[in-house]
Amino acid sequence: MEQDASSDTQAASQREVAGEQQRLERNRSRIERLRDQLARLQKQLPFGRRLARGSAHGVMSAIAAIVAYLPTQALGLREGFWAAITALAVAQTEFAAARSVARDQFVGAAIGGVIGLCVYLAVGQNLPSYAGAVLLSIVACWLARVASAARLSAITATIILLVPHVGTAQQMLASRVFEVSWGVCAAISTVWVVTRINKRLGIKV
């Protein structure tokens with residue numbers, strides 16, 4: 001009887017897991033369809049509307065990138081351009097979207113950087129260790145339920161293991177996380193300010 005009860009419990013657990021996976025796949029498919037529909041709608045916007053939205057996004061992105069880049073020069077960071085790149089990646093016309101991208105940027109950089117550093121210290125710099133670091137970075141993001149950060153995590157591991165740098169790998173990790181964090185802060189702050197101004201002036205972008 002105990003074995004039968006255990007088998008029933010295990011079967012029920014497996015059915016629950018299978019059902020959850022099916023729900024996740026359905027949700028993922030719906031998100032992809034909505035994304036495609038949004039892209040098609042944006043292409044159908046009138047020329048003047050596209051020009052206004054593109055200009056607004058461009059100005060906001062340029063401001064965020066400059067705000068992110070300038071302090072890195074004052075601090076003497078050699079690769080402050082990563083802060084500007086992060087700000088450009090995070091800057092979105094909608095604040096909610098910017099926050100989501102910002103989370104991915106920070107989490108991805110942290111996970112990929114730590115894994116890249118650990119692999120570097122344990123094995124050294126070579127192609128097999130690099131491939132392993134990319135694999136581990138992506139798997140770690142999936143296990144941490146932030147699969148959307150997996151791409152940046154792998155890119156950060158790539159930077160740690162393949163890009164030539166001055167100083168130790170630990171210093172490179174610290175500077176990279178700082179640059180990404182500052183880029184995220186600069187972009188989020190810029191988008192927040194622009195969103196508040198637009199709401200107060202009644203401007204729809």
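The protein chain has seven helices and zero strands, where helices (H or I, at least four residues) and strands (E, at least two) are DSSP runs numbered from the N terminus. The order of elements from the N terminus on is α-α-α-α-α-α-α. The model is predicted, with local features requiring pLDDT of at least 70 and side-chain atom pairs counted only at pLDDT 80 or more, while totals for chains, interfaces and linings use all residues. Residues are numbered from 1 along each chain as its sequence is written, and side-chain values use heavy atoms, with hydrogens and water left out.

Of the 205 residues in the protein chain, 30% are buried (buried, under 20% relative accessible area; exposed, over 50%; partly exposed, in between; 1.4 Å probe, protein chains only). Contacts are defined by heavy atoms within 4.5 Å. Among contacts between residues at least 6 apart in sequence, 69% join residues at least 24 apart.

Helix H2 covers residues 47-74. Its 28 residues should span 40 Å at 1.5 Å a residue, and its end C-alpha atoms are 41 Å apart, which agrees; the expected span is 1.5 Å times one less than the number of residues. The buried residues of H2 include Met60, Ser61, Ala64, Ala65, Ala68 and Thr72. Helix H3 (81-90) and helix H7 (169-201) are included in what covers the buried residues of H2. Tyr69, also in H2, is partly exposed because its relative accessible area is 33%. Apart from neighbours within four places in sequence, Tyr69 contacts Gly80, Phe81 and Ala84. The C-alpha atoms of Tyr69 and Glu179 are separated by 8.9 Å, although these residues are 110 apart along the chain.

H2 is followed by Gly76, which has a positive phi, near 80 degrees. Gly76 also lines the second largest pocket, together with Leu77, Arg78, Glu79, Pro164, His165, Val166, Gln171, Met172, Ser175, Arg176 and Glu179. A pocket is an open set of points on a 1 Å grid over the protein atoms alone, where a 1.4 Å probe fits, with protein on both sides within 12 Å along at least five of seven lines; lining residues have an atom within 4 Å of a point. The space in this pocket is about 220 Å³, taken as that filled by probe spheres set on the points, which are joined across faces, edges and corners. Its lining divides into four nonpolar, four polar and four charged residues (nonpolar: Ala, Val, Leu, Ile, Met, Phe, Trp, Tyr, Cys and Pro; charged: Asp, Glu, Lys and Arg; polar: the others, Gly among them).

The largest nonpolar core holds 17 residues, of which Val90, Val184 and Ile188 touch the most other members. Such a core is a set of buried Ala, Val, Leu, Ile, Met, Phe, Trp, Tyr and Cys residues joined through side-chain atoms within 4.5 Å. Two or more residues of this core come from each of H2, H3, helix H4 (95-122) and H7, with H7 giving the most, six residues. Ile188 contacts Val90, Phe95, Ala98, Arg99 and Ala102, leaving aside neighbours within four places in sequence. Another core lies apart from this one and has 13 residues, among them Ile111, Tyr130, Ala133 and Val134.

H7 has 33 residues and reaches 48 Å from its first C-alpha to its last, close to the 48 Å expected. Gly202, with a positive phi near 75 degrees, follows H7. Most residues other than glycine have a negative phi. Arg145 has a positive phi, near 65 degrees. Arg145 lies in the loop between helix H5 (127-143) and helix H6 (150-162), and counts as exposed at 78% relative accessibility.
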